[in-house]
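Here's a quick briefing for anyone meeting this structure for the first time. Have a look at the model, then read on.

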Amino acid sequence: MLNILTVNLVFSTFVFWLAARIYLMPALPRLEPRAVLLPILLLHAGRHLGLMFLAPGAIYAGMPAEFAYPAAVGDLLAALLAVAAIPAVAARVRMAWPLVWIFNVEGTVDLLAAITLATLYGAAPFMGAAYWIPAFWVPTLLVTHYIAFVVLWQVRRAQPPAPNAVAVQ
């Protein structure tokens, strides 16, 4: 049987990726990393909304705990890491880049784990009002994580090598 939530997640991810490819990716080389990363971090600061997976009324009774708890806690952690990175990026602090890397890796792994756990434990029928999270929010987050990785890689490549680093040809 076709899982409508999977179709929504995949199609929405494609649409957001397409929008990024058309509107943002061509301009990315001209944009300051801070100008791209701050809106992404602000968006992800809202991931505390993943706690809805633990809220009766937002989900239907029977939501598999094996999905709900890791998804909710992982989203909250991603939100906290995004909030921690925002002032560092805004102030152009040297520690900003490691903070954004940590946020981006944890946030991406969390989303991939949540998708996997939701599929393995059959969480889709129990989403209730929280259905919009995997159908709309997760695709947006996945695409913005991709964009953040592209920006972080560009920043890393633009940095001069460490004084004692050996160049690899």
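Val36 touches Leu28, Leu31, Ile147 and Val151, leaving out residues up to four places away in sequence; touching, or contact, means heavy atoms within 4.5 Å. Keep in mind that this is a predicted model, where local features need pLDDT of at least 70, side-chain atom pairs count only at pLDDT 80 or more, and totals for chains, interfaces and linings use all residues. Residues are numbered from 1 along each chain as its sequence is written, and side-chain values use heavy atoms, with hydrogens and water left out.

**Nonpolar cores**
- Val36 is also one of the residues that touch the most other members of the largest nonpolar core, which has 25 residues; the others are Leu28, Leu41, Val89, Val100, Ile147 and Val151.
- A nonpolar core is a set of buried Ala, Val, Leu, Ile, Met, Phe, Trp, Tyr and Cys residues joined through side-chain atoms within 4.5 Å. (Buried means under 20% relative accessible area, exposed over 50%, and partly exposed in between, with a 1.4 Å probe and protein chains only.)
- Two or more residues of this core come from each of α2 (33–44), α3, α4 and α5 (132–158); helices here are DSSP runs of H or I, at least four residues, numbered from the N terminus.
- Helix α5 gives the largest share of this core, seven residues.
- There's a second, separate core of 21 residues, with Ala68, Ala71, Leu111 and Leu142 among them.

**Two buried spots**
- Met127 sits in the loop between α4 and α5, and counts as buried because its relative accessibility is 1%.
- Beyond its neighbours within four places in sequence, Met127 is in contact with Leu5, Phe53, Ala58, Ile59, Met63, Phe67 and Pro134.
- Thr108 is in helix α4 (residues 96–120), and at 17% relative accessible area Thr108 is buried.
- Not counting residues up to four places away in sequence, Thr108 touches His145 and Phe149.

**Out towards the surface**
- Phe14 belongs to helix α1 and, at 42% relative accessibility, is partly exposed.
- Helix α1 (residues 4–24) supplies the largest share of the nonpolar patch, eight residues.

- Arg92 lies in the loop between α3 (65–90) and α4, and is exposed, with a relative accessible area of 52%.
- The phi of Arg92 is near 60°, a positive value in a residue other than glycine.
- Most residues other than glycine have a negative phi.
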